[in-house]
Amino acid sequence: MSMAVVGLIAGMALGFAGYFGGFGAFLLVAALGAIGWVAGRFLDGDLDAGEFFRSRDGGRRGPR
């Protein structure tokens with residue numbers, strides 16, 4: 001499935017949630033969608049759990 005179709009489906013789901021459930025439902029669907037996206041990337045092997053806990057400087061300490 002192309003990314004355009006996935007984006008279309010996600011946008012429609014958020015639109016329906018916002019229209020029928022209000023802004024709270026919109027935020028809930030968006031948050032659960034983001035969690036699902038991260039879980040899917042992790043299960044596909046595109047994301048390493050260590051990336052969330054690694055510092056930005058690559059573990060280097062001290063002055064540059």
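Q: Rings of Phe, Tyr and Trp (its six-membered ring) pair if their centres lie within 6.5 Å. Which residues do ring pairs link into a cluster?
A: This is a predicted model, where local features need pLDDT of at least 70, side-chain atom pairs count only at pLDDT 80 or more, and totals for chains, interfaces and linings use all residues. Residues are numbered from 1 along each chain as its sequence is written, and side-chain values use heavy atoms, without hydrogens or water. Ring pairs join three residues into a cluster: Phe-16, Tyr-19 and Phe-20.

Q: How many aromatic pairs are there?
A: Tyr-19 and Phe-20 make one of them. Phe-23 and Phe-26 also form a pair. The count comes to 3.

Q: What kind of pair do Tyr-19 and Phe-20 form?
A: Their ring centres are 4.9 Å apart, with 85° between the planes. Planes over 60 degrees apart get one label, those under 30 count as stacked and the rest as tilted. Tyr-19 and Phe-20 are therefore edge-to-face.

Q: Is Tyr-19 buried or exposed?
A: Buried means under 20% relative accessible area, exposed over 50%, partly exposed in between (1.4 Å probe, protein chains only). Phe-20 falls in one class with Tyr-19. Tyr-19 is exposed.

Q: Why is the pair of Phe-23 and Phe-26 stacked?
A: Both residues lie in helix H1, 3 residues apart, about one turn of the helix. Phe-23 is exposed at 61% relative accessible area, while Phe-26 is partly exposed at 29%. The ring centres are 6.0 Å apart, and the pair is stacked because the planes stand at 20°.

Q: How far apart are the end C-alpha atoms of H1?
A: H1 (a DSSP run of H or I, at least four residues) covers residues 3–44, which is 42 residues. A straight helix at 1.5 Å a residue would reach 62 Å. The ends of H1 fall short of that, at 16 Å.

Q: Where does H1 bend by about 145°?
A: The bend is the angle between axes fitted to the seven residues ending at a residue and the seven starting there. After H1 comes Gly-45, with a positive phi near 90°. The bend of about 145° is at Gly-21.

Methods: Helix = DSSP H or I, 4+ residues; strand = E, 2+ residues; numbered from the N terminus. Expected span 1.5 Å × (residues − 1).
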